[in-house]
Amino acid sequence: MAAPSAPDLRLALSTGDESPAAGAPIVLELSAANDGDAPLVLDFPDGQRFDFEVFSEDGAVVWHWAEGMFFAQMLGRERLESGAVLRWTERIEGGLPAGAYRVVATLTTVERRAVEASLTVLPQASERERGDREN
């Protein structure tokens, strides 16, 4: 079994709805796919397998999934067969305020790998309607 190599392990990040309304729940999904011909072994330094962070336009962390969590302090291993995909999904239940964000999803293997995406949260309909009436 090979250690994950960059060409064989493909990470993807989905932020659900492309432009959710402010306050609406946001679903984040990190997927790790084995695009190679041989199984991969993913080694983890502890019980954590993934993480999500959301950054505002000025770079401040506005939501961090693992903040305040504790993970088993034992090495972990996941086997990823050829063509297989592992998925981790979390929700930001209370949503986010209107604005532009950068979302980073991290596969917390010994050699961490990350993928990022942009997310634009729109004002709620009532906020948009007020803005239209004022113009």
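**Aromatic rings and charges**

Tutor: There are four aromatic pairs in this predicted model, where rings of Phe, Tyr and Trp (its six-membered ring) pair if their centres lie within 6.5 Å, with planes under 30 degrees apart counted as stacked, over 60 as edge-to-face and the rest as tilted. One of them joins Trp65 and Phe71, a tilted pair with 6.0 Å from centre to centre and 40° between the planes. Two remarks on the source apply throughout. Since the model is predicted, local features need a pLDDT of at least 70 and side-chain atom pairs count only at pLDDT 80 or more, while totals for chains, interfaces and linings use all residues. Residues are numbered from 1 along each chain as its sequence is written, and side-chain values use heavy atoms, with hydrogens and water left out.

Student: Which residues do ring pairs link into a cluster?

Tutor: The cluster consists of Phe50, Phe52, Trp65, Phe71 and Trp88, linked by ring pairs.

Student: Why does Trp65 count as buried?

Tutor: The relative accessible area of Trp65 is 15%, and therefore Trp65 falls in the buried class (under 20%; exposed is over 50%, partly exposed in between, with a 1.4 Å probe and protein chains only).

Student: Over which ring does the charged end of Arg49 sit?

Tutor: A charge sits over a ring if NZ of Lys or CZ of Arg is within 6 Å of the ring centre and within 35 degrees of the ring normal. The charged end of Arg49 meets this rule at the ring of Phe44, 4.3 Å from its centre. Arg102 is placed over the face of Phe55, at 4.5 Å from the ring centre.

**Confidence and overall layout**

Student: What pLDDT does the protein chain average?

Tutor: The average is 89, and 87% of the residues score at least 70, on a scale of the predictor's confidence in each residue from 0 to 100. Residues 1-5 have a pLDDT below 50, although this stretch has 13 contacts in the model beyond near neighbours in sequence; contact means heavy atoms within 4.5 Å.

Student: How many strands does the protein chain have?

Tutor: The protein chain has nine strands, together with one helix; helices (H or I, at least four residues) and strands (E, at least two) are DSSP runs, numbered from the N terminus. The pattern along the sequence is β-β-β-β-β-β-β-β-β-α. Of the 135 residues in the protein chain, 37% are buried. Among contacts with a separation of 6 or more, 73% are between residues 24 or more positions apart.

**Sheets**

Student: In which order do the four strands form an open sheet?

Tutor: The order is S5-S4-S8-S9, with antiparallel pairing; two strands pair if DSSP finds at least two bridges between them. Six bridges join strand S4 (residues 50-55) to strand S8 (residues 99-107), and Glu53 has Val104 in S8 as its bridge partner. S8 and S9 pair over nine bridges in the antiparallel sense and form a hairpin with five residues between them. Thr106 has Ala114 in S9 as its bridge partner.

Student: Which residues of S9 lie on its covered face?

Tutor: Arg113, Val115, Ala117, Leu119 and Val121 form the covered face, whereas Ala114, Glu116, Ser118 and Thr120 form the uncovered one. Ala117 lies in strand S9 (residues 113-121). Leaving aside neighbours within four places in sequence, Ala117 is in contact with Leu13, Thr15, Tyr101, Arg102 and Val103. Ala117 and Tyr101 are 16 residues apart in sequence, with 8.5 Å between their C-alpha atoms.

Student: Is Asp58 buried or exposed?

Tutor: Asp58 counts as exposed, because its relative accessibility is 66%. Asp58 is placed in the loop between S4 and S5. Asp58 and Ala100 are 42 residues apart in sequence and 9.8 Å apart in space, C-alpha to C-alpha.

Student: What order has the open sheet of three strands?

Tutor: The order is S1-S2-S7, again antiparallel. Strand S1 (9-14) and strand S7 (85-92) are at the edges with a single partner strand each, so one side of each has no neighbour in the sheet. S1 and strand S2 (residues 26-34) run antiparallel and are joined by six bridges; Leu13 has Leu30 in S2 as its bridge partner.

Student: How many residues of strand S3 are buried?

Tutor: In strand S3 (residues 40-44), four of the five residues are buried. S3 pairs with strand S6 (residues 76-80) in the antiparallel sense over five bridges, and Asp43 stands opposite Arg77 in S6.
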